[in-house]
Amino acid sequence: MAPSLLGGFTKSLAMTVLSEIGDKTFFAAAILAMRYPRKLVLAGCLTALTVMTALSVSLGWVAPNLISRKWTHHVTTLLFFVFGILSLWEGFKEDGDSEELAEVEAELDANFKSNKAESKSKSKANDDKKKQQRPFVLQFFSPIFIKAFSITFFGEWGDKSQIATIGLAADENPFGVVLGGILAQALCTTAAVMGGKSLASQISEKMVGLSSGVLFLLFGIMSYLSGPEGEI
């Protein structure tokens, strides 16, 4: 029996929400929205996350065509258990303070101050000249959009949620996985941009780690009980 659309959608939605809440990209979106227009930050972050989700699902969809579905199923099951244990371990180690928020804020502060000092040292003539020499892509897109996109995209690259999405897409309906993942990314990023730092600072990384750990282990158990063909 082929994996169901609803199963892939619900698993992807739940997994992505718990993976992204309290993630570095979540905090980055919240901080960027405090300094730049929210619409541009939201557009840049959402575009990056949508592209990343589509790429991850595509890799997961291709995987069963390269190796047998039986092996992709076993690898996915193992990934869920590994990520579940790691998330629980990280959750138990957290003391409740949002250390990751402080780290992301410090990195963006340094970057923001560097860009501000650099822009002050340039004359208007040089700015106009560089604007004319700017590549077409940067002329078409706002620099703020590009910044939000690049920070989010490279911050998400190789992240636990990306790898889990690849594994999920290899074992579930890819279309359901991509729909659930994009919806979850949209919900989390919109909350981060609209809520800003006040919302981000209230998130308990300990609870997020424990919750995501339990969810990953639950998915692992469900995957173990179901065979490679999706039947229990």
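Predicted model: local features only at pLDDT ≥ 70, side-chain atom pairs only at ≥ 80, totals over all residues.
Helices are taken here as DSSP runs of H or I, at least four residues in length, and are numbered from the N terminus. F145 and F149 both belong to helix 8, which covers residues 143-156, and they sit four residues apart, about one turn of the helix. An α-helix has 3.6 residues a turn, so residues three or four places apart point the same way. The two rings have centres 6.5 Å apart and planes at 20°, so this pair counts as stacked, the limit being under 30 degrees. F145 is buried, with a relative accessible area of 12%, whereas F149 is partly exposed at 26%. F149 also pairs with F153: these rings are stacked as well, at 5.7 Å centre to centre and 5° between the planes. F149 and F153 are again four residues apart in helix 8, about one turn, and F153 is buried, with a relative accessible area of 12%. Ring pairs join F145, F149 and F153 with F154 and W157 in a cluster. In total, the model holds eight aromatic pairs. Another aromatic ring, that of F219, has the charged end of K11 sitting over it, 5.8 Å from the ring centre.

Attention now turns to the annotated spans. An unreviewed UniProt entry carries the annotation "transmembrane region" for residues 40-59, 71-89, 136-155, 175-195 and 207-226. In the model, residues 40-59 are 100% helix and 0% strand, with end C-alpha atoms 29 Å apart. Residues 71-89 are likewise 100% helix and 0% strand, and there the end C-alpha atoms lie 27 Å apart.

Which residues of helix 4 are buried? The set comprises T72, H73, T76, T77, F80, F83, G84, S87, L88 and G91. Their cover includes helix 1 (5-20), helix 3 (38-66), helix 9 (160-171) and helix 11 (205-225).

Leaving aside neighbours within four places in sequence, A63 is in contact with T72 and A170. A63 and A169 are 106 residues apart in sequence, yet their C-alpha atoms are 9.0 Å apart in space.

Around V104, with neighbours within four places in sequence set aside, the contacts are K24, F27, A28 and I31.

How values were computed. Residues numbered from 1 in each chain as written. Heavy atoms only, no water. UniProt positions renumbered as here; feature names shortened; annotations may be inferred. Helix = DSSP H or I, 4+ residues; strand = E, 2+ residues; numbered from the N terminus. Phe/Tyr/Trp six-rings, centres within 6.5 Å; stacked < 30°, edge-to-face > 60°. Buried < 20%, exposed > 50% of the residue type's maximum accessible area, 1.4 Å probe, protein only. Lys NZ or Arg CZ within 6 Å of the ring centre and 35° of its normal. Contact = heavy atoms within 4.5 Å.
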